[in-house]
Amino acid sequence: MHQAAGLQFERVMDELVRWHAVPEDERSPAPAWWWGPAMAMFDAHEPMQRAWCRELGLDDGASFAEGAHALLTLFAGQTSVPWPDDFPRKAQIKADDVRELQPQPSDDSAFQP
């Protein structure tokens, strides 16, 4: 296993712990930036740490590949991904924060007849 891939997977696991700490109805969708580290570990058969196995709902001694598969199942049925500011909790948007976007004039100067 490549050291950089291991570090990225460790970052994802730290974020997963924070994500699971948020009540499910307030939790953001799983973030798209977890895909890359999960895919990098798709064929790594070294065993993961016990804490990571438990966090992913796997048996002790599960491989990084099994962990990657478990991470990817978090995306099943998901129709959107959060913005970085909406992670790990869904952002609460107040009515005062919503602005209407005004139409802007188009700049057709690049396309002279």
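How many of the ten residues of α4 are buried? The legends below take up this question first, using a predicted model.

**View 1. The covered helix α4.** In this predicted model, α4 is mostly covered, with seven of its ten residues buried. The buried positions are Phe-64, Ala-65, Gly-67, Ala-68, Ala-70, Leu-71 and Leu-72, and what covers them includes α1, α2 and α3.

**View 2. Helix α1 and the residues it buries.** Helix α1 runs through residues 3-21, and its 19 residues reach 28 Å from the first C-alpha to the last, which is close to the 27 Å expected at 1.5 Å a residue. Its buried residues are Ala-5, Gly-6, Phe-9, Val-12, Met-13, Glu-15, Leu-16 and Trp-19. An α-helix has 3.6 residues a turn, so residues three or four places apart point the same way. The buried residues of α1 pack against α2 (35-40), α3 (50-55) and α4 (64-73).

**View 3. The largest nonpolar core.** This core holds 23 residues, of which Phe-9, Trp-34, Met-48 and Leu-71 touch the most other members. The elements that give two or more residues to the core are α1, α3 and α4, and α1 gives the most, with six residues.

**View 4. The surroundings of Leu-71.** Leu-71 is one of the buried residues of α4 and is also among the core residues that touch the most other members. When its neighbours within four places in sequence are left aside, Leu-71 is in contact with Phe-9, Val-12, Leu-16, Trp-34, Ala-38 and Leu-56.

Terms used. Residues numbered from 1 in each chain as written. Predicted model: local features only at pLDDT ≥ 70, side-chain atom pairs only at ≥ 80, totals over all residues. Heavy atoms only, no water. Helix = DSSP H or I, 4+ residues; strand = E, 2+ residues; numbered from the N terminus. Expected span 1.5 Å × (residues − 1). Buried < 20%, exposed > 50% of the residue type's maximum accessible area, 1.4 Å probe, protein only. Contact = heavy atoms within 4.5 Å. Core = buried A, V, L, I, M, F, W, Y, C linked by side-chain atoms within 4.5 Å.
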